[in-house]
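Open the model in your viewer and keep the selection panel at hand. The stops below go from one part to the next.

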Amino acid sequence: MQREGDNAAITIEELTKDYGEVRAVDGLTLTIPEAEVFGLLGPNGSGKTTTINCLTGLLKPTSGTVEVEGYDVQTHGREARGVMGVSPQETAVYSYLTGRENVELFGQLYAVPKGKLRGRVDYVIEKVGLVDDAGRRVGRYSGGMKRRVSIAMALVTDPKVVLLDEPTVGMDPQSRRAIWDFVMELKDAGKTILLTTHYMEEAEEICDRVGVIDRGKLIELGTPSSLKAKYGADDLEDVFIRLTGRKIREEA
Amino acid sequence: MNATRISSLVKKEWKKTIREPAVLFMIILFPVMLTVAFGASFGATPGSQQESFTVAVVNLSSGGNWSAEFIHDLSATGVLSVNDYQSNASAQSALSQGQVQAVMVVPAAFDDSVQSYLSHPSEQGDWVNCTLSLYLDRASLIVGQVVPSVVQQVLGSGVLGVEQAAAPSPVELTTPSLVQVKSQSVFDTFVPGLFAFASIFLIMMVAQSFTTDRESGTLRRVATTPTSASEIMTAQVLSYLLIGVVQALLVLGSALALGYRPDNTLSGVALGLVIASVFSVCNVGFGLIAASIARTAGAATGISFLFLLPQMFLGTYVGMALSSSAQNAGRFVPSYYVTDALNSLFTRGAAITSSTVMTDLGVVGVSSLLILLTGIYIFRRLGQS
């Protein structure tokens, strides 16, 4: 059940997820307070997306617990999913629907009242910069446009918690900047945002705190500035190199 | 269950049906094209290949030797298998449900008629005339060709001893107005099977739909919303049930436009459409099983044919040309019962409450539900990741 007076939006305790003999997430413990933008950084296969999938209830943890807004995802999955907006790593949009129809559909799946839905759809479509193309079928969109639709689908319900898995992969710099601005606007509105990214400048620009994950383990946690100071690094990429001895590879 | 979620998913499926050219063709245009193609190609009566026919005999004669010998001679041909019925009504009921392929009513005056002929073969004025009524299964073109000629031949060469079929005889053989065998075309006999034939391609479309959604990630994405698996499945079943209704109406409409006329009341036709529509639920189940096995949409197409072909060959009009053993095997596929019910309703004019129609409806309903539940179970175990 939801806990009263608890300001943690996301609580992950000793999360472990195994795929056969492969341990994708290894004892991850993390608390993200409300209205924080948190960046989960790590290379391919580090366990970022597995963590997100455990948060959304798509994957059942091997052990450990995950709570969103006080709802245990395993025992109160529907309530937990009801307060989350999720933009997955794959764009996951219906190509035969228009951009607007995709966004509307997800509003309806969250049972957003009809009277409120239209305004929300207009708002998020404008925010992701798709006003001129919203009436076209998504199958004819570029990859970056599909990702913007995907983000609009995640945000149409005005969720308390937003999970963005590599939200700006494949976007041009201008679109990426627009998404960053939108994320900051959400933060100002009190939303909690967990995002995964390969773009270190993105993490530095918009994240209040970042966690560095490698081989399923959380190996560092802090604000971008504190981590840079701690490791005497110029940027987060440098922090990652000093922590792991290698660079974060581009995933897109 | 949330009605808003379900209706939004149903609308989404319908938009896909209308907007995706391949889906639109297979689900909506294919049934129409199939019906029109058959109507244009098969307007004539075919030849006979069936070896034996079951005939219900209602013997109203006084129980004399001639009627008994005549009935015995019919059985002795090996072409007709004779079953005795006590009344014309019970025999007609069996005919309308496909349990027998013809009904023959031996009149009360039959023995006297034969005796009068044998006593005065060349004095027609002394003959006692009577009429031997023959009712034939309208669902079979072959019956209309074979049974009357066999009966005429046995009557002439047997008890009457007439060598030429056209020779004068006191016993007249009639096929009453109920039977209009000559107006039956191949198309008329194929139409009931077309309903099942058109619907079974839903298997492929459902399998492709789920595998495509799985590949694109949309299936998983919907699972991150408060939408439950039950709501997703309910929406899918409702979508394809509606598509099944549309398909059935399209096949019927196309057939009507080509001159086909089902031999039943409006309620009988409506029940036929309901049975054809319920069958679409079965195909959703098979589609889910195919989607569970297949890893890609392309593979789903191939695997769908494992479920599609048996239903096509054993349970639709295609099965009419198969061997008797293959036709018996058809009893293990749901489409057989759809076609059988529609044959009874549309071709034989069976009552909607007749046991055959009710049995067929029950088998289609129960088997469809079981196959759907099996499909949902397997898909949830194997098909979602």
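In what order do the six strands of the open sheet in chain A lie? The order is 6-7-8-3-9-10, and the pairing is mixed. Strands and helices here are DSSP runs, numbered from the N terminus, of at least two residues (E) for a strand and at least four (H or I) for a helix. Two strands pair if DSSP finds at least two bridges between them.

This is a predicted model, in which local features need pLDDT of at least 70 and side-chain atom pairs count only at pLDDT 80 or more, while totals for chains, interfaces and linings use all residues. Residues are numbered from 1 along each chain as its sequence is written, and chains are lettered from A and ligands numbered from 1 in the order in which they are written.

**The sheet of chain A**

Select strand 6 (84-87) and strand 10 (217-222) of chain A: these are the edge strands, each pairing on one side only. From one strand to the next, the twist averages 15 degrees. Angles run from 0 to 180 degrees between N-to-C directions, with axes fitted to C-alpha atoms, for helices over the stretch in contact.

Next, show strand 6 with strand 7 of chain A; they run parallel and are joined by four bridges. Here Val86(A) stands opposite Leu163(A) of strand 7.

Contact means that the C-beta atoms of two residues, placed from the backbone, lie within 7 Å.

**The two domains of chain A**

Colour domain 1 (1-83 + 162-252) and domain 2 (93-159) of chain A separately; domain bounds come from an automatic or database domain assignment. Their C-alpha centres lie 24 Å apart. Domain 1 of chain A gives 13 residues to the contact and domain 2 of chain A gives twelve. On the domain 1 side, strand 7 (161-165) and helix 6 (173-188) of chain A each give two or more residues, and helix 6 has the largest share, four residues.

**Across to chain B**

Finally, select the contact between the chains, with 21 residues from chain B and 18 residues from chain A. On the side of chain B, helix 1 (3-19) and helix 9 (218-223) of chain B each give two or more residues. Helix 1 of chain B provides the largest share, seven residues.
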